[in-house]
Amino acid sequence: IAARRAWGFAMNRTYRGGSVTPDPSLFTAVMEGQWEIVREKLLALATTAAIMTAVAISVSILLLFLSLALVVVFRILVVPTTPASTRQELVFDYVPAAPTAVSSFLGAKETKALALYDNPKLITDAALTSSRVLTPGQRFDVSVSLTLPETMHNVDAGVFQVRAELLTARGEVIANATRPAMLAHTGTEVRLLRLLVSWPLHAMGLVEEVRTVTLPMFEGVSERLTRPFAGVRVTVVPRAGGGPNAVPQMWRAHADLRMDMSALTRFLYHYPASSFAVMVLVTWGYLCAAALLVFAAAAAAGVVRVPTSFAGEVVRRASAADGKQRLDPFFDGMGLTTSSDDEAVSAGPTPSRLSADSEGGETTTNGGGGGGEGLRQRRVTNQATF
């Protein structure tokens, strides 16, 4: 009730000599000691702030849920769900002249589903596209690592060729690459010096006399939609004219699959909780700032009401609801209605009581009065309460 009285007092006008005299400002009221006016204005200010805060909180909560939905959709579209890197062992078959190893990167579920087909050539397109390692469009790298013992055979084998092929579940070749490799030469003196320094570790079996050769076979390959990557086939080809002695001896070998991700994608992938919270806060802040700018532009253009006018309308309608008065809706079919300050009283003989002061000189007019004719008058409701 005090807030409604405050708004009624703040919206009041006094007509002097045919002109409209606004209420004194808060500063003037304080300087002149008009504490009743100060109290009413502070109540009006508090009411406006409360209504604006409630509206801002409601809009902020709505934008928070919107930002959560946007971040979730963004992570589903951008962040991969498969492991960032996968390693599969390569077991070479030394029966042919060029040892070959085939390794599959498919999971157990996909492998079991494809095992139902007796012949890989009979795998349907639907089963092929549903059994995939990576999401379509994901870029990835494939490298091959060969662990060679430091034997005289491998040193004499010299340069050999490593050929790798990316395969589908049907065995179709997606891409192929070839890289030369060899066991790095080490002088006799260097080998003896290393053996002298690390002989206790060699004696306990903690260090082996092996070298690892890593070859980046594929870089930046994009996963296809209709021909998904499923495995890799690696072949070691001896040099021409080398004969059987040109085939290197291998201790172990493996192929590594690594997803090619940008810095942002790596941050989102490796720190899911932190990145989700940061993205939600940033998105929420941008949406709130954008909503504030849009509202300010719309209020400046007159499309929507300014917050003080809207708060005044809320208080006026609350006061009218207590008096069982019938009010027009907020939307009149052509847009937002004007504020209560700008509403004109309907024409007719109904009198309007105007505020007066102790000095006199006030003019009391009605709907057909001549002294205040031409002026827009504001009906003051429930004046006795003010």
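Me: What share of the contacts in the protein with a separation of 6 or more comes from residues 24 or more positions apart?
Reply: This is a predicted model, where local features need pLDDT of at least 70 and side-chain atom pairs count only at pLDDT 80 or more, while totals for chains, interfaces and linings use all residues. Residues are numbered from 1 along each chain as its sequence is written, and side-chain values use heavy atoms, leaving out hydrogens and water. A contact means heavy atoms within 4.5 Å. Counting contacts with a separation of 6 or more, residues 24 or more positions apart account for 74%.

Me: How many helices and strands does the protein have?
Reply: Both are DSSP runs numbered from the N terminus: helices are H or I with at least four residues, strands E with at least two. The protein has 10 helices and 10 strands.

Me: What percentage of the 386 residues is buried?
Reply: Buried means under 20% relative accessible area, exposed over 50%, partly exposed in between, with a 1.4 Å probe and protein chains only. Of the 386 residues, the buried share is 31%.

Me: Which residue of β10 stands opposite Arg87?
Reply: β3 and β10 (residues 252-259) pair in the antiparallel sense over 5 bridges. Opposite Arg87 stands Asp256.

Me: By how much are neighbouring strands turned on average in the sheet β4-β9-β6-β7?
Reply: This open sheet has 4 strands and antiparallel pairing. Its edge strands, β4 (100-104) and β7, each pair on one side only.

Me: Why is β6 largely enclosed by the rest of the structure?
Reply: Strand β6 spans residues 160-167. It is largely enclosed because the number of its 8 residues that are buried is 6.

Me: Which residues touch the most other members of the largest nonpolar core?
Reply: A nonpolar core is a set of buried Ala, Val, Leu, Ile, Met, Phe, Trp, Tyr and Cys residues joined through side-chain atoms within 4.5 Å. The largest has 41 residues. Leu166, one of its members, touches residues including Phe140, Val142, Phe218 and Phe229. The three that touch the most other members are Phe92, Leu146 and Leu166.

Me: Where does helix α7 bend?
Reply: α7 spans residues 188-203. Of its 16 residues, the number buried is 1, so α7 lies largely in the open. The bend at a residue is the angle between axes fitted to the seven residues ending there and the seven starting there. Pro200 follows within four residues of the bend, which is about 60° and sits at Val197.

How values were computed: Pairing = 2+ DSSP bridges. Lists of a residue's contacts leave out its neighbours within four places in sequence.
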